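I opened this notebook to record what I looked up in a two-chain structure. The entries follow the order in which I went through the model.

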Amino acid sequence: MRDTANILEPSTPAEAAALMHELASAGTRLAFVGGGTHMIGEPESGDALLSTRRLSRIVEYAPEDQTVTVEAGVTVAKLADVLATCGQRLVLDVSDPQRSTIGGAIASNAYGPRRLRFGSLKDLILGVSLVRADGVAARAGGKVVKNVAGFDLSKFVVGSHGTLALITSATLRVHPLPQVSQAIRVAQLSAELVWELILALREQQIEPTAIIAVRRMNGLACYDVDIVFEGVRSGVYAQVDCVHALADIRRLSIAELASERAFAADAEIRSAGPLRVRCTTSPSGFAASEEHLIEPLARTLTSPVVNAYPAFGIFTVAGTPTPGTAAVLATCRERIERRGGSLIVEVQPPATGGVPMIEPWGTPPPSFGLMQQLKSSFDPNRRLAPGHFVGGL
Amino acid sequence: MQTQTSGKTALHLRFAAIVGDANTISAVSDLLTYECDGLTGTRVTPALVVLPATTDEVARCVRLSNELHMPIVARGAGTGLSGGAVPSNGSLVIGLSRMKAIFEVDIANERIRVQPGVANLDVSRALAPHGYYYAPDPSSQSVCTIGGNVGENSGGAHCLKYGFTVNHVMGATVVLADGTIVSIGGPLVDSLGYNLMALVVGSEGMLGIVTEVWLRILRSPQKTRTIFATFPSTDEAGAAVSAIIADGIIPSAVEMMDRLAIKAIVTATGVDWPLDVGAALLADMDGVAAEVDHTAEAAIASMQLAGALEVRTPRDAAERALMWKGRKSAFAAMGRIGPNYVVQDGVVPRKEIAAVLREIARLSETAGLRVANVFHAGDGNLHPLVLYDARISGEEARAEHLGGEILRVCIKYGGSITGEHGVGLDKAPYMSELFSDDDLETMNLARCAFDPQRLLNPGKVFPAPRLCGERPGPFVLSSLERSELAGRG
């Protein structure tokens, strides 16, 4: 990360707009940073860096409406503390809540295993305040949970990686904290059995909050699957009993564990090594993914770590690359893209000789032309993190 | 006259070459059907209507209308309540009602691929044998189409827990303003790049014409419990809703009806609801059986504590269906208590419902017009129905005015002018009260990227016509308004 002296740190949205206006007049290129936990790629050395660190106010919290409006630099942990005083939470899984900011989470479409039940920030965001590349402040959406007035720019900026506008604040839907939370681990399943377990859970019409599959070894029977239930006591334990019954019939090995242990897998994979890739596929292809993607990726890395959200088709592989890794990544990306999925390289070792091991995003989608038009509509002079997103957006 | 007739014929023939003569509508008497949508007070006759059957036909129609400089208005079932499908002058209406195929039911991946003309309820019907359903459920769900739902980001009673159309659309095939066909989003949980789907859903037909849609589908819940409760007034009913939510319970739906709405529903449908009450709530709890039993008991306790006069739970599925039929037929039932009505769709923070209803009652009294309220109380989405008699001179204008005043109350309380019906023509003038010029200009940036010529559904959503690359000025009436719609609320 950059020398902190060069970082701009506005303390109010108005100050941010004024700064952005100045930068626009000077034609300065810039990138935005929150906690710096989900950035893909490094800002260019000559560009300005605008940190949202001091945009750290909780603007309005309406527990009765289950909504909260916060400035972009509020950390996930700080917001969680405030919401907990009223028995509520923002259902957003990030691995480093002390550092991760709400603005950064929105810009990077951060999510974790609870997306299964609660959706992602694309579902939880209700409104947004932005500062455009030209320094004009604007907002879209609103503070109420239901609103279709105007184009929904709040959901549009989720996952835009700072290439469209600066997010200064957002209104988010929050949920009640669960009465109880309980995880149950089904051990040593092959990828086929992981998928069969998911189908069996659906058949029972139970509603897990999260399903996390962690790959413990190579070969068959390699996944431990943690199923997490949250909610009112009676509902959670009825569902835990249901999983016990399923396991008995199928002679599966299971154990109950604290749900924090299940969620720890996400933090663990982030310290697994200098390379981490996240893949999106059709959920039903999990066994095929194991054979054609996960196994080859794991084999090319030293001390690989793999975890998956198999119910919605996401898996992450991390570790230390070996000399053959770049070629394996390229092959796997080609395979996954052929089936309509994607392979995003979230972190990789520093580029050698200015050339990264692999381009982070992969092949732009068929709608890329529209994305380019949107980029030039919102940022006509290409000053906001140019080249940092898919296809050089 | 001769020239005009032969001109129309030539136009008819050119489009008929794409979609077939039977699917090209140009006779004035047949065009009447397409003059308006559910906002029946605003009518404009289109130049021509086409009913294409495929994405390719839609694209060819769009390209031809580009060549002829005709604006384009896409249309589903025409049930929209904000005038989003009202044609503009000289426009081509592309009706998607023939595109009603369900292409792919993919239970393993919990998704379904449909054409835009499929009725909302038909999606759930196709899924029912598999134990799945499609969550958004506008009251018009038996006729309204998925394409229309995508255009308007439709909601419904059950979006309190499960979200709106935007939360259930994964991807779409879209014909853009220049006739190109593009696939956006996709069948997976995320797709690379900008979240274009979020822009297209709710764009009211101004960014493209959706010709195929991937929808996310949900496993049916283990159990659903319905509770019907009556209260002395909307104050107690509102307090009950707040208490339920404060308890950490998210019902799948909580609907409120006031005295006048109950009277209309009882008269029209014959449900055995009491008439001598001030308000009623209809709530659904769904999910895992053990949880539903707990939350339903807690909700009943909250209702009783808030002063419920009576709490009923249906004996069987038939009685439950009847209760919901009562609620969903509320708009249609208004005919029993007044010849005409205008409906608004404002949203307020949940905690302000009781205060806002009292303000509405005061405005109603001042205006001398009755207002019935039937609405999604759980998410603060009001549907005040202002009753009037169009035969009485000036009463319609007063009703429109009162509707507008109600929207201003919603804005004052930090809410929105529309929760699910869309802005369309009806609420476009209020957009500049809710948003600044800079806000609107920023939204317009998205439109300019999709449709720089502004050929798709011109005159909707934005309060004044906006060019691409033009700074916004003060509000002015559009030419459409001057020629067709002067004097509306």
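**Entry 1**

I find A:S303 exposed, with 10 other C-beta atoms within 10 Å. For burial I count the other C-beta atoms, placed from the backbone, within 10 Å of a residue's own: 20 or more make it buried, 12 or fewer exposed, and anything in between partly exposed. The model is predicted, and I took local features only at pLDDT of at least 70 and side-chain atom pairs only at pLDDT 80 or more, whereas totals for chains, interfaces and linings use all residues. Residues are numbered from 1 along each chain as its sequence is written, chains are lettered from A and ligands numbered from 1 in the order in which they are written.

I looked up A:S303 for its positive phi of about 40°, as A:S303 is not a glycine. I place A:S303 in strand β16 (residues 301-309) of chain A. Strands here are DSSP runs of E with at least two residues, helices are runs of H or I with at least four, and both are numbered from the N terminus.

I noted B:E110 as well, a non-glycine residue with a positive phi of about 50°. B:E110 sits in the loop between β5 (102-106) and β6 (111-114) of chain B. I count 19 other C-beta atoms within 10 Å of B:E110, so B:E110 is partly exposed.

**Entry 2: chain A as a whole**

I count 12 helices and 18 strands in chain A. Its C-alpha trace spans about 70 × 55 × 35 Å along the principal axes. I took the radius over C-alpha atoms, and the globule rule is 2.2 Å times the number of residues to the power 0.38. Of the 393 residues of chain A, 56% are buried. Among contacts in chain A with a separation of 6 or more, 68% are between residues 24 or more positions apart. I call two residues in contact if their C-beta atoms, placed from the backbone, lie within 7 Å.

The domain assignment divides chain A into domain 1 (13-176), domain 2 (180-264) and domain 3 (271-347); such bounds come from an automatic or database assignment. The centres of domain 2 and domain 3 of chain A, taken over C-alpha atoms, are 23 Å apart. I find 11 residues of domain 2 of chain A in contact with 12 residues of domain 3 of chain A. On the domain 2 side, α7 (191-203) and β12 (210-215) of chain A each give at least two residues. That side has eight nonpolar, one polar and two charged residues. My classes are nonpolar for Ala, Val, Leu, Ile, Met, Phe, Trp, Tyr, Cys and Pro, charged for Asp, Glu, Lys and Arg, and polar for the others, Gly among them.

**Entry 3: a helix pair within chain A**

How do α10(A) and α11(A) run relative to each other? The axes of α10 (residues 286-300) and α11 (residues 325-338) of chain A come within 10 Å and cross at roughly 170°. The two helices are therefore roughly antiparallel. I fitted axes to C-alpha atoms over the stretch in contact, with angles from 0 to 180 degrees between N-to-C directions; over 145 degrees counts as roughly antiparallel. The residues in contact include A:L293 and A:L297 of α10(A) and A:V328 and A:I336 of α11(A). By class I find six nonpolar, three polar and one charged.

**Entry 4: chain B**

I count 17 helices and 18 strands in chain B. Its radius of gyration is 23 Å, close to the 23 Å of the globule rule for 489 residues, so chain B is as compact as a globular protein of that length. Of these 489 residues, 58% are buried.

**Entry 5: where the chains meet**

I find 67 residues of chain A in contact with 71 residues of chain B. On the chain A side, α12(A) gives the largest share, seven residues. That side divides into 30 nonpolar, 25 polar and 12 charged residues.

A:S234, A:G235 and A:A238 of α8(A) meet B:A290, B:E291 and B:H294 of α10(B).

Definitions and conventions: Parallel < 35°, antiparallel > 145°, perpendicular 65-115°, else oblique.
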